[in-house]
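Biologist: I would like to go through the inside of this protein before I plan my reading. Please show me the model.

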Amino acid sequence: MIEKGKISAFQMASLIYLWVLATAVLTIPGITAKFAERDMWLSPIFGSLIGFLTVFIMCQLHKYYPNQTIIQYSERILGKIPGKAMGFIFLFLIFHSDILIVRDYGELIATAFLTKTPLMVIMGSLVLICAFTVRSGLEAVGRTANVILPLYIFLLVLIMVLLIKDMYPKHMLPMMENGLLPPLMGAALPQTWFSQSFLISMLLPFLRDPENGMKWGMFSILAITLTLMATNLTILFLYGAKTTADITYPLMSAARHISIAHFFEHLEAMVMAIWVTGIFIKLSLFYYVLVLGIAQWLNLSDYKQLVLPFGFISAVGGLWAAPSLQDMNHFLTNIYPFYGTLISTVFPGLMLIVAVIRKKLMGADEDCSLADNRT
């Protein structure tokens, strides 16, 4: 086995929670508000259905092929050539998501803080730090998530609590004024983040307690849903739907409103701490899964030799991932929800159907063979 490290099901859940929320808490409120308006807090609920379905599909596939990742058992389900092609599609999505994460990080840091620093330097520095973690193996990534998770939750909750005095719950009224369609449209982008939970297919074979994989996977989706609902409600109560829809990073703007005794104020650095730590875990995991998957796809004996080359490719790829931030946001809003969910959820779902049929046919063949032998 290429990866000899093991993580617990709880560590896997921590990774899911952090990699989904890393970018979601900053961008989802503004985008969902454009479609769902004052019902934006409902959109994560509808989006989470894809997350629960994806986790279920991956755990069911894992039961059939417990010691293999989705890159490996694609060939066993579909055959060698179709399986290789499907594995390539999964790897392409992971790589594309990887460079989008790198670009998203670089754009925000360059826009909000390091305005005179070249984008390549900002992105390259993050990739280099993640490369050290990835080379250390899955256990290092899991332990890092355990350390970061409490800090992440504490800072996020602290910001919400400090904003309570400026909230106006009446901004959410009237609820469901235009029916279910607006929040369903607003769920298009959140469902893409939830569908990224398909990456657990690359982690389940390395769990110390695989029997808890389904339970902790589902719990992480529930925790993400509640966090996104709380974040959307906080922003909605603070700004209202129309203003929120015009802000690219509403949580960042909200942190600037915090002012207690003219001393404890302008806490956007706290939001950046939440975001950077989350991005670090998210990129480290996508980076790790990418090089591990490529090594398995190419039947290599070790993935570590791929870490630095693909780190360089990721940093450079971040530059050509999109011509500008506006183009990238347009892609994430209008194309990625369908493209990402198709590959992350629909394709594995079809593979599960094929695996079940193959299993039943093989079982029928075995029963026939036993009957012939008895005869």
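**Cavities, pocket and helix packing**

Modeller: α1, α4, α8, α12 and α14 (325-334) each supply at least two residues of the lining of the largest cavity. Helices here are DSSP runs (H or I, at least four residues; strands are E, at least two), numbered from the N terminus. This is a predicted model, where local features need pLDDT of at least 70, side-chain atom pairs count only at pLDDT 80 or more, and totals for chains, interfaces and linings use all residues. Residues are numbered from 1 along each chain as its sequence is written, and side-chain values use heavy atoms, with hydrogens and water left out.

Biologist: How many cavities of 30 Å³ or more does a search of the whole structure find?

Modeller: A cavity is a set of points on a 1 Å grid over the protein atoms alone where a 1.4 Å probe fits but cannot get out. Points are joined across faces, edges and corners, and a volume is the space filled by probe spheres set on the points. With the cut-off at 30 Å³ or more, the count for the whole structure is three.

Biologist: Which element gives the most to the lining of the largest cavity?

Modeller: The volume of the largest cavity is about 200 Å³. It has 16 lining residues (an atom within 4 Å of a point). Those closest to its centre are Thr23, Leu100, Asp104, Trp193 and Leu332. With four residues, the top contributor is α4.

Biologist: How many residues of the lining of the largest cavity are charged?

Modeller: Ala, Val, Leu, Ile, Met, Phe, Trp, Tyr, Cys and Pro count as nonpolar, Asp, Glu, Lys and Arg as charged, and the others, Gly among them, as polar. By that scheme, the lining has eight nonpolar and six polar residues. The charged count is two.

Biologist: What is the volume of the second largest cavity?

Modeller: Its lining includes Leu93, Thr192, Phe286 and Tyr336. α4, α8 and α15 (336-374) each give two or more residues to that lining. The classes are six nonpolar, six polar and no charged. The volume is about 60 Å³.

Biologist: Which element gives the largest share of the lining of the largest pocket?

Modeller: A pocket is an open set of points with protein on both sides within 12 Å along at least five of seven lines. The volume of the largest one is about 160 Å³. Phe88, Trp297 and Phe310 are among its lining residues, and the lining divides into ten nonpolar, no polar and no charged. Four of the residues come from α4.

Biologist: Are α4 and α12 roughly parallel or roughly antiparallel?

Modeller: Axes are lines fitted to C-alpha atoms, for helices over the stretch in contact, and angles run from 0 to 180 degrees between N-to-C directions. α4 and α12 pack at about 155 degrees, with axes 10 Å apart. Under 35 degrees counts as roughly parallel, over 145 as roughly antiparallel, 65 to 115 as roughly perpendicular and the rest as oblique. The pair is therefore roughly antiparallel.

Biologist: Does α2 pass α8 in a left-handed or a right-handed crossing?

Modeller: The axes of α2 (residues 43-64) and α8 (residues 188-195) come within 8 Å and cross at roughly 25 degrees. In contact (heavy atoms within 4.5 Å), residues including Pro44 and Gly47 of α2 meet Gln191, Phe194 and Ser195 of α8. A crossing is left-handed if the near helix is turned anticlockwise from the far one by less than a right angle, and right-handed if clockwise. This one is right-handed.

Biologist: How many nonpolar residues does the contact of α1 with α9 have?

Modeller: The axes of α1 (residues 9-36) and α9 (residues 213-239) come within 9 Å and cross at roughly 25 degrees. That makes the two helices roughly parallel. Their contact has seven polar and no charged residues. The nonpolar count is 18.

Biologist: What is the phi of glutamate 37?

Modeller: Most residues other than glycine have a negative phi. Glutamate 37 lies in the loop between α1 and α2. Although it is not a glycine, its phi is positive, at about 55 degrees.
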